[in-house]
Amino acid sequence: MSYYLSSENHLDPGPIYMRENGQLHMVNLALDGVRSSLQKPRPFRLFPKGFSVELCMNREDDTAQKEKTDHFIFTYTREGNLRYSAKSLFSLVLGFISDNVDHIDSLIGFPEQIAEKLFSAAEARQKFTEPGAGLRALQKFTEAYGSLVLCSLCLRNRYLVISEKLEEIKSFRELTCLDLSCCKLGDEHELLEHLTNEALSSVTQLHLKDNCLSDAGVRKMTAPVRVMKRGLENLTLLDLSCNPEITDAGIGYLFSFRKLNCLDISGTGLKDIKTVKHKLQTHIGLVHSKVPLKEFDHSNCKTEGWADQIVLQWERVTAEAVKPRETSEPRTAAQRFYGKRSRAEAPLKCPLADPHMNSSEKLQFYKEKAPDCHGPVLKHEAISSQESKKSKKRPFEESETEQNNSSQPSKQKYVCLAVEDWDLLNSY
């Protein structure tokens, strides 16, 4: 930076000489008094009148220009004058660390308030969209802060984001809600296998609507819960609608979700709906709802957390990366064949594919709340005591049947593993 100053000449008497006895003498004692009498009073100015500054920078090097201007905050006054002030040391250090956030070793134990500001600064610089460096930086934050980075993730109809940012999505931990509707993942997708990881054991709401799932995919997703009691064991809401390859056998794998409160299996390939309803009620306590449930309207699951804007940045970057390719005819033909262009413009409506089932019927189930354990139970006990006085043989017969029934599930606990389950466990 170089300064070019231009200011007008002010009245300055300079040195004063006096002739005495044929010789010149410089007057020093009266200099201050003469100056004060000669100078006119001027208003107070930060800079003298006519002061100007010109910033000479190398415009070819953008990084050098950014480094020179990044330390100042430029503002305009009401009069239209440009003023600048230096940034605080905290903001300068925060900007330097955010520029090199991928080189941080660990953030475990770092204060959350400062970490959130650091995350926002790195997000403003779009550091998380950079390939390689963005993944390393995101992993440091998710390892240290978990659900604060992202507690709910909605990827509905964002199949391009999943394909391009799969490793980044897998780095999120402690999610409670995950929406993967209309993404066409299939049974062998890597993200479906990641759902059984311990990092996602906190998921309570999972939407897998219209993902081309079959009984094999449901069996793979429920294997850790059925066998090792880990994985999606805390699941309370599950949406498997519009997956016509899921049959009655696939619904049987869902009985391991003991905490399940809401289930949607509309549009699946069920053959015996009455039997499935009865099994869901007896095994898990789920009752068929005659009215569509609000839990499945896809309004509860939204992207929430520090990284909510990062998902939007990923979507914008992937959309811009696809635009140049669409100019080629083979690329557009392939997208028309697979229906990708129509999905990008508007979300697909998942039809109910089973012809044997009424399309207007919604197979949504919920768990009824348990009644109060004081009043109704006392009435029930009074009625049961009266019935016991009338017939004494009946309790003995019921006790024998209950013992036989209770002995059967105890035996089934040891015989529930099939050969396919052992093969699936060996793959883990």
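Modeller: Happy to! Let's begin with phenylalanine 119, which has a relative accessibility of 1% and therefore counts as buried, since the cut-off for buried is under 20%. Please keep in mind that this is a predicted model. Tryptophan 306, with a relative accessibility of 13%, counts as buried too.

Now for the partners of tryptophan 306. With tyrosine 145, the ring centres are 5.5 Å apart and the planes stand at 50°, so this pair is tilted. Tyrosine 145 belongs to helix α5 (residues 133-145), while tryptophan 306 sits in the loop between β10 and α12; the pair thus links distant parts of the chain, 161 residues apart. Like tryptophan 306, tyrosine 145 is buried.

Let's step back for a moment: the structure holds six aromatic pairs. One of them joins phenylalanine 119 to tryptophan 306, and this pair is tilted, at 5.9 Å centre to centre with 50° between the planes. Phenylalanine 119 is part of helix α4 (residues 112-124), whereas tryptophan 306 is in the loop that runs between β10 (286-288) and α12 (308-322), so the contact ties together parts that are 187 residues apart in sequence.

Technical notes: Residues are numbered from 1 along each chain as its sequence is written. This is a predicted model: local features need pLDDT of at least 70, side-chain atom pairs count only at pLDDT 80 or more; totals for chains, interfaces and linings use all residues. Side-chain values use heavy atoms; hydrogens and water are left out. Rings of Phe, Tyr and Trp (its six-membered ring) pair if their centres lie within 6.5 Å; planes under 30 degrees apart count as stacked, over 60 as edge-to-face and the rest as tilted. Helices (H or I, at least four residues) and strands (E, at least two) are DSSP runs, numbered from the N terminus. Buried means under 20% relative accessible area, exposed over 50%, partly exposed in between (1.4 Å probe, protein chains only).
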